[in-house]
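Work through the two exercises below with the sequence and the model at hand. Each task is followed by a stepwise solution.

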Amino acid sequence: MKKLFLLFTLLLFTGVILAQDYPTPEYNNEICLYKKDSSKLMRLEKGSSKMETKAKMMGIGGMENGYTLDGEKSTVRISNGDNLTFVISSGSTSNLTPEADSAMKAGGMDLSAMQNGPMSMMNDPSHNTTLYSMSSEKGKRKILLGSASGMNLFGKAKKLSTKYTLSVKKVKDNYYLISVDKKLPKGEYAFVTMSLMDMDASGSYLMFAFAVD
């Protein structure tokens, strides 16, 4: 009897762990910092940028390409860059009314199949989200992906932005945890979400920025 009670207690405890209730972001498709100590979310600075290539003297003076955000410092500051985890959710189809679901299916759209089938990769941050360091200069922050000094023998190509590896865990349908694999040193950072669903008419992608102090 005692063994059965211990087994039941273990199963119940395991179930509680597996059923951990993560907080729901205020907005869909936004990356938020997950504060483990309080189980709360903090929104990041949201912006957008498209890949730009700048050439000096038609390329003779060098070239740069990457993404930019206005402001030399992010408005979102994090005190410690160790063991950071973020959350992103694309929402749930469970909130659809039967009438709305039927209307969408009648129009040839099955939102549930789109979000949970092969199209779900479009929402998966392991396929479309990258974290970079940013450099600050002249009132802007830059993700520098390419740099060439051109024909100036005394010029030097600038240091490229660091790309950080991420571990992505699917907690439930359309809900993901994003963990940074190494400690982030002090500096400016931004996630770039390169999904076609996140691209606007100008070709810009969503960016979510923050800084580690």
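**Exercise 1: a salt-bridge network**

E137 is partly exposed, at 25% relative accessible area (buried is under 20%, exposed over 50%, partly exposed in between; 1.4 Å probe, protein chains only). The model is predicted, so local features need pLDDT of at least 70 and side-chain atom pairs pLDDT 80 or more, while totals for chains, interfaces and linings use all residues. Residues are numbered from 1 along each chain as its sequence is written, and side-chain values use heavy atoms, without hydrogens and water.

Task: find which residues form salt bridges with E137 (a side-chain nitrogen of Lys or Arg within 4 Å of a carboxyl oxygen of Asp or Glu).

Solution.
1. K158 pairs with E137, the closest N and O atoms being 3.5 Å apart.
2. E137 lies in strand β8 (residues 129–137) and K158 in the loop between β9 and β10 (163–164), so this pair ties together parts 21 residues apart in sequence.
3. K142 also bridges to E137, with 3.6 Å between the closest N and O atoms.
4. K142 counts as buried at 17% relative accessibility, whereas K158 is partly exposed at 34%.

**Exercise 2: a second pair**

Task: state the N to O distance between D173 and K170 and how accessible each residue is.

Solution.
1. The side chains of D173 and K170 meet in a salt bridge at 3.7 Å, N to O.
2. D173 is partly exposed at 46% relative accessibility.
3. K170 is partly exposed too, with a relative accessible area of 45%.
4. Elsewhere, shared partners join E64, E137, K142 and K158 into one network.

Key
Helices (H or I, at least four residues) and strands (E, at least two) are DSSP runs, numbered from the N terminus.
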